[in-house]
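Subject: A structure for you to explore

Hi,

Here is the structure I promised to pass on. Have a look around it first, and then read on for what turned up.

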Amino acid sequence: MTQQTLMNTLEAIDRANRADPNTEQVDGQQLPREYAYSLHMTRWLFALEPEPSERMQIACRAQHLERWTMPRSDYGEGRKNYYQWRLACGRMHGRRAAEIMAECGYPQEECERVETIITKRKLREDEDTQLLEDVACMVFLERYFAGFFEDNPDFDKEKWLRIVRRTWDKMSPRAHEAALKLAEGMPAHLLELLQEALAEPES
């Protein structure tokens, strides 16, 4: 495919995500939240993989495509409902990304490939899917971990250690290296939590 096809696809994803009514502050300006998230994903993709494939650029940009249309509150409280919501979101993001790719001229096999990556059906078995997970984990650690910590004061120490360990276990050695460098600039309480989680693996 041509570079223009890729650019048209990314622009279409951006247009969709700019419709998010929720916002996030980035470098002093308010951006639609999922559009901001997609830019974080793209930035970390190129940090981990300097020459990413077209499919990975699209998958990372579409990781949370139109997520606000499927609110977490629609799935009720509890861990089981949370995972059902996550699975439903992944299917929706993958389907919408494939639809946009097809509209922009990508062949069906490429559309289906990106859909598979985004739904993460082959995590650990597929290099592209693992890279997407690495990028998502880096974005979480850099942009959202501190806020998530502040928003959940009811979580006890053991729960936080489990969250950190499970995030770490999803990541590849390449992402571990990047995360350790990132951790050097984290607030002291988060750095201590990370160090404790890695020093005492979950039994």
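Which helices do the buried residues of α5 pack against? They pack against α3 (54–61), α4 (79–104) and α6 (127–151). Please keep in mind as you look that this is a predicted model.

Let's stay with α5 for a moment. The helix covers residues 108–119, and its buried residues are Glu110, Cys111, Val114, Thr116, Ile117, Ile118 and Thr119. Just after the helix comes Lys120, which has a positive phi of about 55°.

That brings us to backbone angles. Most residues other than glycine have a negative phi.

- Asp27 is not a glycine, yet its phi is positive, at about 50°. This residue sits in the loop between β1 (23–26) and β2 (29–32).
- Glu66 is not a glycine either, and has a positive phi of about 55°. You will find Glu66 in the loop between α3 and α4. Its relative accessible area is 16%, and the cut-off for buried is under 20%, so Glu66 is buried.

Now zoom out to the whole chain. The protein chain has nine helices and two strands. Starting from the N terminus, the order is α-β-β-α-α-α-α-α-α-α-α. The radius of gyration is 17 Å, close to the 17 Å that the globule rule gives for 203 residues, so the chain is as compact as a globular protein of that length. Along the principal axes, the C-alpha atoms fill a box of roughly 50 × 35 × 35 Å.

What about the inside and the surface? Of the 203 residues, 47% are buried. Among contacts with a separation of 6 or more, 64% are between residues 24 or more positions apart. The chain exposes about 11,100 Å², and carbon and sulfur atoms supply 49% of that area. As for charge, there are 28 positive and 37 negative charges, and their mean positions are 4 Å apart.

Enjoy exploring, and write back with any questions!

Best wishes

Notes. Residues are numbered from 1 along each chain as its sequence is written. This is a predicted model: local features need pLDDT of at least 70, side-chain atom pairs count only at pLDDT 80 or more; totals for chains, interfaces and linings use all residues. Side-chain values use heavy atoms; hydrogens and water are left out. Helices (H or I, at least four residues) and strands (E, at least two) are DSSP runs, numbered from the N terminus. The radius of gyration is taken over C-alpha atoms; the globule rule is 2.2 Å times the number of residues to the power 0.38. Buried means under 20% relative accessible area, exposed over 50%, partly exposed in between (1.4 Å probe, protein chains only). Contact means heavy atoms within 4.5 Å. Accessible areas come from the Shrake-Rupley method with a 1.4 Å probe; for residues, only the protein chains shown count as cover. Lys and Arg count as positive and Asp and Glu as negative; His and the chain ends are not counted. The place of a charge is taken as NZ of Lys, CZ of Arg, CG of Asp or CD of Glu.
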